[in-house]
Amino acid sequence: MTAPSQIIEVAIPLYLEKTFHYLVPERLQKEALTGRRALVPFGNRKLTGYILGSAIGSEISNLKEIVEILDRESLWTAGELEFYRWVAAYYQHPLGEVVRTALPAGINIQTRKGTSGEQESLIGGKSARREQFYLPGPVTVLPRQPGSKALEILAVIREIGDISAADLRKRFGACTPQLKRLTELGLCMAEEREVYRDPFKDHIVKRDEPRRLHTHQKGALDAISESLDRQQFTPFLLYGVTGSGKTEVYLQAISHALELGKNALILVPEIALTPQLTGRFKARFGGGIAILHSGLSDGERYDEWRRIRRGLARIVIGARSAIFAPLENIGIIIVDEEHEASFKQSDGLRYNARDLALVRGQMEQAAVVLGSATPSVTSVHAADQGRLKLLELPERVENRPMPLVELVGMKGRKETISSLLSASLTETFDQGRQAIVFLNRRGYATFLVCAECGKPLTCPNCSVTLTYHRQRGQSLCHYCDYAVPAPGTCPSCGGTTLSELGTGTEKMEHDLKELLPAARVLRMDSDTTSGKGSHERILSRMNDGSADILIGTQMIAKGHDFPEVTLVGVVNAEASLGMPDFRAAERTFQLLSQVIGRAGRGETPGRVVVQALDTEHYAIKSAAEHDAAGFYRQELEFRQEAGYPPFTFLAAYAISGLSEQTVSEQADKTAGLLAQLKAKLKIRVEILGPAPSPIYRLRNRFRRQILLKGVNRSDLHRLIATWRQQTLVVSTVRISVDIDPVDLM
Ligand code: ADP
Ligand code: ZN
């Protein structure tokens, strides 16, 4: 008798709405389990598919057989699959693509089948084992015999908590007998562990102890701990001014979760994933931490992923994509700097990790802590309505005062550094203290203009001006990296006199070196931080006092704690206000508040000089006056009047292609169909556009957008879902739908 045929449901990572059914041949029946990948025939190709489960009751005829199973362990749990399905439905994205996005890219490289036909396991042939030494718990006895090397080794193990034999040998030379004796005496324990490529292996960190919390911190921690004890989903907004000790609250809340046997997921903006932050976690918790960020190679990332999947890491820290980390038994999810736009993925599956933290947290019955010194307007509104539980840290640690901010109006002035800022910089330098100058534009001149025909140099592929980079000797497009030698000649009229307009960080560096020739000036922007480790080098030079002034773009605004910085200068505060985006004021307020908050985090009070054309704009004024409440009040009024989030829900259609005419036709057609469906379904949704996108041409593609605005989220989603069923895009035009868009450029 033959076994009953097994039929499985498979998702395929292609832009296809539906999932597929396949037959499992008898030889694969034991292996074809949910959570594994299968090689499946598709058309005349073979593709990797994801097994979602068995498909009972399906028609057997015409089904194709799967070719082989690619994994020996399952890659996701049932709970994770539920999460993937939620994501696919909400963002209206094919499930197979969601699973592909959730899994690490390295998985495809490492689990190829060997030539012998023998399946390599998940570990692959490449892993090795090594010995690891750690403490068995509190130690009171010390060995009697003079064996000073053993004592030194023990001291190191105690300090670090968990160290490999190889690292010990690096420090002490051959020490096998000593290690053997220490282990025999029960003073430390040895364990064989699989070796994973550890991107932080060269950093040895000192252990630190939890700090005594101040009243507000304690209040916040108690509330979070209480929800952890109840093991019930509770979403919090931890709203604490810069330097108020939010990170300390996170650390102690995580400790509490770990004590309860639960695990912790921490999402941070990519930029914050510096050794500074990860070092604080390692110092507090020792081992068991996995770190996921874009600086890892596919292999390294896959290693971290496996460690998490196997339960070897109980704390996961990562940027946006870590929301898909295969961490089980999650007790707490923290989203630090929750207002950051980088939590939103801008292509493919356009998810927002901040929003998904709430979804996953609810599925896991976890505490979710959204933390920020400048929360998103949406979060403030949710807290007002009681949908987020508000925890406030209104004061800085040790009652350090917020810095004194002076506004300087620059209307009609030619100089880039005002006399107040230059006098303050000189004074700070003379006192031997550090300063930060913030200017959110990289390059030397924002653009070059031909003195003869008056035309600015623009990118041939994008509708933007080129930025002049003097050090490189190039004019550069910041969107497509198009570059021409600079200053060069005017491409329109051949004129040879090009004037430099607008100041970038490179010019600021030059000007400051002229102002203070003896000062050691550093610059941090994407030009100076492209090399591996360069970011950290700049930060460590600021921290060890071997630099006096740091100039930078928004990179310097976030998360860094420089206790010796007493002066912050802001040049061109309104740079981000000019964007044609309803969030421009919110972003400006957040950025300015964050930059202002870099001053006076140590013992000496800080001061800030903000230069702006319009010193009366509410975003600038409220940031300078530390009047966050005033800002949120005004901004929420504006959003309500104009009908923008959080009072409405948005979705953006982006239509792009190489032919201007086809793009325009497709955009009209799409808007027309949407209008028809809206009428048919009797849905209340506003359809705005099609209109040219603010950056009309990008990397040679013409771009138009349609914005959908709805008061009711499910109406809006129903309209898009119906549109998707009726549309088969086969033209050369790309149409993408962005649910809850963040970038409208
Ligand atoms: P935030 O994350 O809100 O910017 P941090 O948690 O980084 O603030 O705290 C700012 C500084 O104050 C850090 O150097 C931190 O170690 C220190 N700190 C935090 N909480 C306390 C406390 N209760 N007592 C003493 N120092 C603290
Ligand atoms: Zn370009």
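Is cysteine 462 buried or exposed? Cysteine 462 is buried, with a relative accessible area of 2%; buried here stands for under 20% relative accessible area, exposed for over 50%, and partly exposed for values in between, with a 1.4 Å probe and protein chains only. The structure is a predicted model, in which local features need pLDDT of at least 70 and side-chain atom pairs count only at pLDDT 80 or more, while totals for chains, interfaces and linings use all residues. Residues are numbered from 1 along each chain as its sequence is written, chains are lettered from A and ligands numbered from 1 in the order in which they are written, and side-chain values use heavy atoms, with hydrogens and water left out.

Cysteine 462 belongs to a metal site. The zinc ion (ligand 2) is coordinated by the SG atoms of Cys459, Cys462, Cys477 and Cys480 at 2.3 to 2.4 Å. Donors are N, O and S atoms within 2.8 Å of the metal (3.2 Å for Na, K and Ca), and sites may look incomplete because water is not among the atoms. The four donor atoms around this zinc ion subtend angles of 105 to 112°, and the arrangement is therefore tetrahedral, a label given to four donors if all angles lie between 85 and 135 degrees. Along the chain, the donors follow the spacing C-x2-C-x14-C-x2-C. Cysteine 459 lies in the loop between strand 18 (445–450) and strand 19 (467–469), and cysteine 480 in the loop between strand 20 (474–476) and strand 21 (483–485), so the pair ties together parts that are 21 residues apart in sequence. Helices (H or I, at least four residues) and strands (E, at least two) are DSSP runs, numbered from the N terminus. Cysteine 459 is buried at a relative accessible area of 5%, and cysteine 477 is buried at 0%. The count of disulfides is zero, a disulfide being a pair of cysteine sulfur atoms within 2.5 Å.

The next features concern the interior. A nonpolar core is a set of buried Ala, Val, Leu, Ile, Met, Phe, Trp, Tyr and Cys residues joined through side-chain atoms within 4.5 Å. The largest such core has 113 residues, of which Tyr84, Leu265, Ile323, Phe324, Tyr653 and Leu708 touch the most other members. A second, separate core has 31 residues, including Ala220, Ala257, Ala264 and Ala367. With residues up to four places away in sequence not counted, leucine 265 touches Val316, Ala322, Ile323, Ala325, Leu327, Ile330, Ile332, Ile333, Ile334 and Arg360, where contact means heavy atoms within 4.5 Å.

Leucine 265 stands opposite valine 316 in strand 12. Strand 10 (residues 263–267) and strand 12 run parallel and are joined by four bridges; strands pair if DSSP finds at least two bridges between them. Strand 11 (residues 289–292) also runs parallel to strand 12, again with four bridges, and isoleucine 289 has isoleucine 315 as its bridge partner there. Strand 12 (residues 315–318) is covered on both faces, with Ile315 and Ile317 buried on one side and Val316 and Gly318 buried on the other.

Helix 12 (residues 377–384) is mostly covered, six of its eight residues being buried. These buried residues are Val377, Ser379, Val380, His381, Ala382 and Ala383. They pack against strand 9 (234–240), helix 11 (353–363), strand 14 (367–372), strand 15, helix 16 and helix 18. Glycine 386, with a positive phi near 80°, follows helix 12. In helix 16 (residues 584–596) lies glutamine 590, which is buried at 6% relative accessibility. Neighbours within four places in sequence left aside, glutamine 590 is in contact with His339, Thr374, Pro375 and Ser376.

Several backbone values remain. Most residues other than glycine have a negative phi, and most peptide bonds are trans. Glutamate 398 has a positive phi near 55°, and asparagine 399 likewise has a positive phi near 55°. Glutamate 398 is placed in the loop between strand 15 (389–393) and strand 16 (404–409), and asparagine 399 is found in the loop between strand 15 and strand 16. Glutamate 398 is exposed, at 59% relative accessible area, and asparagine 399 is exposed at 60%. The peptide bond from proline 645 to proline 646 is cis, with omega near 5°; proline 646 lies in the loop between helix 18 (628–642) and strand 27 (649–657). A cis peptide bond also leads from glycine 689 to proline 690, with omega near 10°, and proline 690 lies in strand 28 (residues 685–698).

How values were computed
Four donors count as tetrahedral if all angles lie between 85 and 135 degrees; four count as square planar and six as octahedral if opposite donors are over 155 degrees apart and all others between 65 and 115; anything else is irregular.
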